[in-house]
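Please look over the sequence and the model shown here, and then read the notes that follow, which move through the structure topic by topic.

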Amino acid sequence: MSMVDEPLYPIAVLIDELKNDDIQLRLNSIRRLSTIARALGEERTRKELIPFLSENNDDDDEVLLAMAEELGVFIPYVGGVEHAHVLLPPLETLCTVEETCVRDKAVESLCRIGSQMREGDLVDWFIPLVKRLAAGEWFTARVSSCGLFHIAYPSAPEMLKTELRSIYSQLCQDDMPMVRRSAATNLGKFAATVEPAHLKSDVMSIFEDLTQDDQDSVRLLAVEGCAALGKLLEPQDCVQHILPVIVNFSQDKSWRVRYMVANQLYELCEAVGPEPTRTDLVPAYVRLLRDNEAEVRIAAAGKVTKFCRILSPELAIQHILPCVKELSSDSSQHVRSALASVIMGMAPVLGKVTVTTYCCGLAKVISVERTSGCPYLLLERDFALETESHNSLLLHRVTDSLLRVRFSGFELLLYAFSPNDATIEQLLPIFLSLLKDEFPDVRLNIISKLDQVNQVIGIDLLSQSLLPAIVELAEDRHWRVRLAIIEYIPLLASQLGVGFFDDKLGALCMQWLQDKVYSIRDAAANNLKRLAEEFGPEWAMQHIIPQVLDMITNPHYLYRMTILRAVSLLAPVMGSEITCSKLLPVITSAAKDRVPNIKFNVAKVLQSLISIVDQSVVEKTIRPSLVELAEDPDVDVRFFANQALQSIDHVMMSS
């Protein structure tokens, strides 16, 4: 083909492939639009390619989706932002198709293009497009238009802004629920661009209409609008307009609306502030935690820790903890699982109560009053003193001249310093209950968050209460539960200390090396390495290495492979001396194993030891074993042995 005809060739290929019966060819041509556009140049792209795409939009949804995506990044290929408006017609057409994902992608691309267009072009081209879609005969166009108002509105003149607000209000009252749903979904984005004066009047009127819609699918989307609008309004306006809607939604007849409230309540609390949260939203949240529908309780239980963070510990203990106790024995395993995934986070939230916290937090304390002619009498009265006053009161009491008063002072101090805080009294029984739940996901969720509770309840209580349950779960019938326990062991070991670990958990760590599930055995090998790093080589030499090496003679080859894996992980931690004296002899003897899988794993382990031991040991011990393995009848054994020998040669050359 001549040089003159070459520029015509790409567009010809594109047209041919777009008309091809093979959908894959059509897809490939659409995904090469940027390449074709570069070949055509900016002017021909505007005059030939874009009109062609506008006319050929009756295709498979997959092709149209790719087209909508490509056009969103097409501004550089049509000559920059001054020509961006030429991309609007094909995307406008795609906004009217029946397939939802195509429309969504077309709206996304229009938003991307509109955000880069000049203000004058937005008024001349983009806003008329939005108005055409909003007035579309078919509901798909009106659905798509709702996602474009937040791009069109800021650049519009005042008269156009009034018209756009009116159009959006009409869309919120559209006959088709799909249009109203789209309007509810995009209300927050549109409201963020509206002036404060119109926000209180026009937008809040639109919002109130949506909250009273007869379709629950519209109302539940209005819940999301509560949080978005709450961030835009002043606190007093938020309490006036948003709070009553949230409270009503929490009692909505549709469980899907209540579910959405349970999911969004934390964000809604941030919008309305602490005082309305305490008086209005805490009761609403309690209702959701005790909802008849399991799905609502699942959503509410999943937010319990987040919600408690914005409350005082006293409020959480008084209102939320009783519900948590009920949920821990809920009839739905999914509710218990949702609770188990977050409940550990409540321990740091409630925390250990110190002397100061106890003194300030007690609603009533025993106060000492000296009355005329009588010894000290113990009277009950409300306290509202500062911390220093409470501490001073305790100090006076324990140093008082009367034995009876000193006794009552020590009683208060013992209570303040005792471990009977909110976490231990209220949460620990729930932890233990969930750890023994019959549903494995519940146990798994609790185990995965155990580290959050250790720092709060202390090692003594951990060992007395939680540790027996952990030991029991170490032999759980579900392997994922056992795996979660193994991953938690190094953290537990660091907190328990060497002595306690050896007594309670040492045997378990060895037992996992012979588990029936590979993932458990592999995790157990990694666990030994992490323990050796935590407690040091001397401890590992005494408690791990002898037991590991004894297992190399296990009759089952899979367990012998696990030991090789453990040795390869432990060697870098143990150092050159112990590796040469204790580990290397065992590995070289395993090279004579009858199972090929063992032998090629020996070759891999020997290769990993090259950088750990001295060069003399490599030549005297490792190389002869590898040479022998390199002559093995099995092809895999020979391959890995030769690979290890090449590593030795490479080290020799580099040194």
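In this predicted model, F149, Y153, Y168 and F190 form one aromatic cluster, where rings of Phe, Tyr and Trp (its six-membered ring) count as a pair if their centres lie within 6.5 Å, and planes under 30 degrees apart are called stacked, over 60 edge-to-face and the rest tilted. Because the model is predicted, local features need pLDDT of at least 70, side-chain atom pairs count only at pLDDT 80 or more, and totals for chains, interfaces and linings use all residues. Residues are numbered from 1 along each chain as its sequence is written, and side-chain values use heavy atoms, with hydrogens and water left out.

**Aromatic rings**

- A pair of aromatic rings is described by the distance of the centres and the angle of the planes.
- A search of the whole structure finds eleven aromatic pairs; in one of them, W138 and F139, the ring centres are 5.5 Å apart and the planes meet at 50°, so this pair is tilted.
- W138 is exposed, with a relative accessible area of 52%, whereas F139 counts as buried at 18% (buried means under 20% relative accessible area, exposed over 50%, and partly exposed in between, with a 1.4 Å probe and protein chains only).
- Y153 and F190 make an edge-to-face pair, with 5.4 Å from centre to centre and 90° between the planes.
- Y153 lies in the loop between α10 (149-152) and α11 (158-172), while F190 belongs to helix α12 (residues 177-191), so the pair ties together parts that are 37 residues apart in sequence; helices (H or I, at least four residues) and strands (E, at least two) are DSSP runs, numbered from the N terminus.
- Both partners are buried, Y153 with a relative accessible area of 0% and F190 with one of 1%.
- K604 lies over the face of F640, at 5.0 Å from the ring centre, a description used if NZ of Lys or CZ of Arg is within 6 Å of the ring centre and within 35 degrees of the ring normal.

- The buried residues of α19 are A294, V296, R297, A299, A300 and A301, and they pack against α17, α18 (274-289), α20 (304-309), α21 (313-327) and α22 (333-343).
- Q264 lies in helix α17 (residues 255-272) and is buried, with a relative accessible area of 18%.
- Not counting residues up to four places away in sequence, Q264 touches V223, E224 and A227, where a contact means heavy atoms within 4.5 Å.

**Residue T45**

- T45 lies in helix α4 (residues 42-55) and is buried, with a relative accessible area of 0%.
- Leaving aside neighbours within four places in sequence, T45 is in contact with several residues, including A37, L40, F74, Y77 and V78.
- The C-alpha atoms of T45 and G79 are separated by 9.0 Å, although these residues are 34 residues apart along the chain.

**Confidence**

- The protein chain averages a pLDDT of 78, and 81% of the residues score at least 70; pLDDT is the predictor's confidence in each residue, from 0 to 100.
- Over residues 1-7 the pLDDT stays under 50, and the model has four contacts beyond four places in sequence for them.
- Over residues 352-420 the pLDDT is below 50, and this stretch has 83 contacts in the model beyond near neighbours in sequence.
- Where pLDDT is low, the predicted coordinates should not be read in detail.
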